Amino acid sequence: RLDSYSLRRNQQPAVDKMVLYFKAGGTDFLLDAIMRYGKNFVFLNTCKRVIDKSGNILVLTNKPTVFSSIINDVSNHVLFEDLKVSLISLGFILLR
């Protein structure tokens, strides 16, 4: 694994707020941040602090680049060696 960068100064407060929220029983959290903020990296750092060893988190997205970015971070960053990512393909049926 080649990546070993840390959270940026402006990302740490977001992780702290999300961790407090989820540990207090929160279930939904919207991270509203500008492009290139590093939302996926913030999300993954939050996951590391929130889920226990047997826990899972389901992420739903309609943007393939989001999933690709998460796979890249989990696969290449030393912080996420113990995380695994699985793609779940969800389909739909249109009825008339």
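User: Why is helix 2 called oblique to helix 3?

Analyst: The axes of helix 2 and helix 3 cross at roughly 55° and come within 10 Å. Axes are lines fitted to C-alpha atoms, for helices over the stretch in contact, with angles from 0 to 180 degrees between N-to-C directions. Under 35 degrees counts as roughly parallel, over 145 as roughly antiparallel, 65 to 115 as roughly perpendicular, and the rest as oblique. Therefore helix 2 is oblique to helix 3. The model is predicted: local features need pLDDT of at least 70, side-chain atom pairs need 80 or more, and totals for chains, interfaces and linings use all residues. Residues are numbered from 1 along each chain as its sequence is written, and side-chain values use heavy atoms, without hydrogens and water.

User: What makes a stretch a helix, and where are helix 2 and helix 3?

Analyst: A helix is a DSSP run of H or I, at least four residues, numbered from the N terminus. Helix 2 spans 39–50 and helix 3 spans 64–76.

User: Which hand does the crossing of helix 2 and helix 3 have?

Analyst: Right-handed. That label applies if the near helix is turned clockwise from the far one, and left-handed if anticlockwise, by less than a right angle.

User: Which residues of helix 2 and helix 3 meet?

Analyst: Asn40, Phe41, Phe43 and Leu44 in helix 2 meet Val66, Ser69, Ile70, Asp73 and Val74 in helix 3. Contact means heavy atoms within 4.5 Å. By class, this contact has 6 nonpolar, 2 polar and 1 charged residues. Ala, Val, Leu, Ile, Met, Phe, Trp, Tyr, Cys and Pro count as nonpolar; Asp, Glu, Lys and Arg as charged; the others, Gly among them, as polar.

User: What does Phe43 touch?

Analyst: Phe43 sits in helix 2. Leaving out residues up to four places away in sequence, Phe43 touches Ile57, Val59 and Ile70.

User: What makes a space a pocket, and which residues lie nearest the centre of the largest pocket?

Analyst: On a 1 Å grid over the protein atoms alone, a pocket is an open set of points with protein on both sides within 12 Å along at least five of seven lines; lining residues have an atom within 4 Å of a point. The largest pocket has 35 lining residues, and Leu31, Lys39, Asn40, Phe43 and Val66 lie nearest its centre. Helix 2 gives the most to that lining, with 7 residues. The lining of the largest pocket divides into 19 nonpolar, 10 polar and 6 charged.

Conventions. 1 Å grid on protein atoms, 1.4 Å probe; cavity = no way out; pocket = protein on both sides within 12 Å on 5 of 7 lines; lining within 4 Å. Helix = DSSP H or I, 4+ residues; strand = E, 2+ residues; numbered from the N terminus.
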